[in-house]
Every structure is written in structure tokens, then in C-alpha cells.
Amino acid sequence: MNKTLQPTLQVYTIPLIALIITVILVLVYLFLKWLESYKKSPQYIESHKNAATTLRIVNRISKDANFTKEEKEFLVNMCNQLSSLNIEYIIRDTEKTDELFKKKYQQLCENDIPGSVNTENEKLKALLFSIRYKIEVLYKSTFVITSSKSIVPGQKMQYTDIRGTLWTIELVENTNQGLKFELPAALASSNLKPEPTSKVNVTFTTKNNICYAATFRIARYEKNAEGKEKTMITIHTNNLKAMKRRMSKRMVVNNNCVFSAVEVKGNPHAGRKNLEYIPMEKTYNGILQDISSNGCRIISSLPIKQGQYMHIKFQLNDFNAEATGLIVMTTQTEDKQHYILHVQFVKIEEVYKNKIYATIYEYLEQNQQAGEL
């Protein structure tokens, strides 16, 4: 080759290679965008959602949800046993997810031993609820609202009055002018409801499992046909605050409970699992305001400081349970007459944790709710 042509070829070769690489990258990008769009199409979804659940699908979900090895194996066995359709699509629908998990929970309950605790069976139930909650967290929407105009009617909220009593109010109408809440009859007829033009602090959890705190200014109350101020009208706010996600699902109960002090034996430096918690004989009455499998909130007239241990006995959905907990925070009610104890469970039997979860998710049948454990 003529040496005078070599520099000329090099000048054209490098841009040509760069052009080819650019074209390839563009084609790959366009293909990936098409593939992403196709996977969202009704045709693709319809052809895949009715397919059987494969190990590859479970592995993908397990990675995203951070399942343990035991949880992944449990999910594989559950899908095979129940001949589940594509679990990847089922878990995007809350009703279908609960239908599947409730069916498995009720199958596990068939292995319960009347009058005693089937330890191995309770471990399987614990895996079931751990998977259920992780799925709920994984597929919750990341969309966070900031304006009360986005709250959907039917949303229930929790309001704590000046005495520390926890009430549940329900949004019945959301208009451009404001929010209309229905009050419980006992609250509507009492002097514990906040005054018109005052502010009310509430918390609520949306269906996508995001918990919010909000402050509304009350515009007025409206009377019903009986002349009672049954509904509360508030002004809109653009300052909804998304709260830190809880580590376990929680529900409002407002049930009576009994608690006692606890004598702790053992070396605290060896870890809580190595400690012995001995309930004292003297008991006190309180109100269990809400509960999860990991803790609860109790209202009491006693000024118990945080850092203290307590043993709690309570009834939930017609079954009796107990737990030992550590008070992680104590707050005084607005009227200075009561104290709200925020308790983290340090010792609770797995059977009780499973019953709490089953109650929260509404998996219990009527005959499973009755009786002592």
C-alpha cells in the first residue's frame, strides 16, 4: 500500500468505528426501551400473569425483598403446594396476596394441637407473616402525598385527646373547601373534642403503607338529625409529613390490659436473650391503645419512666396473650393526668406474635379467635 494513503485511512477509520459503536449503542438502548414498554403492555402481562410460578421468579422476588434462605424456601413450597399462578403478579394485588396467604395460614392452623402449642408449626406461621410483611413493604408505592386534597374518602385517622385517649375518625368527604370527618359517637357527645378554630393533630396510614402525621385547623362542626355534632369540618393543609416506616404492621385496639413491674436477672452485657424476666405480683390497669408483633402503646395513670421493663397481659380478638417489654419512651398527655408508654417487646411467645399478625391481616376465622392460648 502506498505510504501516503495510510494517514488518510486512519483519519477515516477512527470516526467510522466510533459511528458504528454509537449506532450499536443506540439500537441497544431502543431495544431495551421497547422491551420495557412491551413488558408493561396488556398482551405481555396477560400472557405471563397466568403462568406457573417458577424458581427463577421466586429468586428474583427474594432478592428484591431481601428474603432469608428459609423464607425463600417457604415461598417456593407454598406456591408449589397451592399451585399458585405467577406470584410476581399476585403480590402486586393486595386482595389476591391476602387470599393466597390466608389460605396457607388456614392450612397451617389445621396442624395446630388443641390445648398445646405446636412449636414447629408456629415457626412456619412466623415465616409466612415475615414474607407477607416484606412483600407489603417491597411493593408499596413510593408516591408520597403532601396535600390533604389527595387523601381518599374512607381514610381512617387516629386522634389523641387531652387525656391521652386514642380515637379513630374517618374521612367521609374531601372537597376543595375542606375535609369532612365522622366522629365516634362517644367523642362527638363529649367535651374532649377540640374547639372550633383550634388545631388537631392526627396520624394515619394509607393503603400503600405510608404513615403520615398531619395538623388540621377545625373550621366548624355540623350537627346530625339528632342535633349532635357528629361531623367535623377542617381546612386543607399542604404540610402532610411522611413518617419513618415502622418495622412491623400495627393496629389500633383500645383494649383494657393489666401490667406489672419486672425483676430482671442475669448479666445485661450478655444480651437480652440471656436475661430472665420475672413479673412482680402487684398489677396495674392500663389501656392498650395499639399493638404490633414487636411492641405496643399503653396509656396509664402511672408516671413510669423509659428504660423500665414491664409484663403485660391483654386480650385481642377473644384470645389472651402476654409479653414482656421495655419502655422506650414515655410522654405525658395534654391534661397532665395520664402517661403514654411506648413499649418494645423483648420477650413474647411466637404463638402470640402470630396471633397478632393474623388479627392485623384479618386471617383469623371465628373459631380460631375464641379461647385461651
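Predicted model: local features only at pLDDT ≥ 70, side-chain atom pairs only at ≥ 80, totals over all residues.

Me: Nice. Take Tyr105 and Phe129: how are their rings arranged?
Reply: Their centres are 5.4 Å apart and the planes meet at 50°, so the pair counts as tilted.

Me: And where do those two sit in the chain?
Reply: Tyr105 belongs to helix α6 (residues 94-109) and Phe129 to helix α7 (residues 119-138).

Me: Are they buried or exposed?
Reply: Both Tyr105 and Phe129 are buried. For Phe129 the relative accessible area is 1%.

Me: What about Phe129 and Tyr357, what kind of pair is that?
Reply: Phe129 and Tyr357 are stacked, with 5.3 Å centre to centre and 15° between the planes. This pair also joins distant parts of the chain: Phe129 is in helix α7, while Tyr357 is in helix α9 (residues 350-360), 228 residues apart.

Me: Why does Tyr357 count as buried?
Reply: Because its relative accessibility is 10%, and buried means under 20%.

Me: Which residues make up the ring cluster around there?
Reply: Ring pairs link Tyr105, Phe129, Tyr357, Tyr361 and Tyr363 into a cluster.

Me: Switching topic: what charged groups sit over rings?
Reply: I can give you two. Arg92 lies over the face of Tyr89, 4.9 Å from the ring centre. The charged end of Lys355 sits over the ring of Phe319, at 5.9 Å from its centre.

Me: Okay, now Asp161. Where is that one?
Reply: Asp161 is in the loop between β1 (156-160) and β2 (166-174).

Me: How far away is the nearest side chain of opposite charge?
Reply: That side chain is Arg163, 6.2 Å away. Asp161 is buried yet has no salt bridge; the cut-off for one is 4 Å between a side-chain nitrogen and a carboxyl oxygen.

Me: So what polar partner does the Asp161 side chain have?
Reply: The side chain of Trp167 makes a polar contact with the side chain of Asp161, at 2.8 Å. There is also the backbone nitrogen of Thr165, which lies 3.0 Å from a polar atom of the Asp161 side chain.

Me: Leaving out residues up to four places away in sequence, what does Asp161 touch?
Reply: With those left out, Asp161 touches Trp167 and Leu192.

Methods. Residues numbered from 1 in each chain as written. Heavy atoms only, no water. Helix = DSSP H or I, 4+ residues; strand = E, 2+ residues; numbered from the N terminus. Buried < 20%, exposed > 50% of the residue type's maximum accessible area, 1.4 Å probe, protein only. Lys, Arg positive; Asp, Glu negative; His and termini not counted. Polar contact = N/O pair within 3.5 Å; in protein donor to acceptor, adjacent residues only side chain to side chain. Contact = heavy atoms within 4.5 Å. Phe/Tyr/Trp six-rings, centres within 6.5 Å; stacked < 30°, edge-to-face > 60°. Lys NZ or Arg CZ within 6 Å of the ring centre and 35° of its normal.
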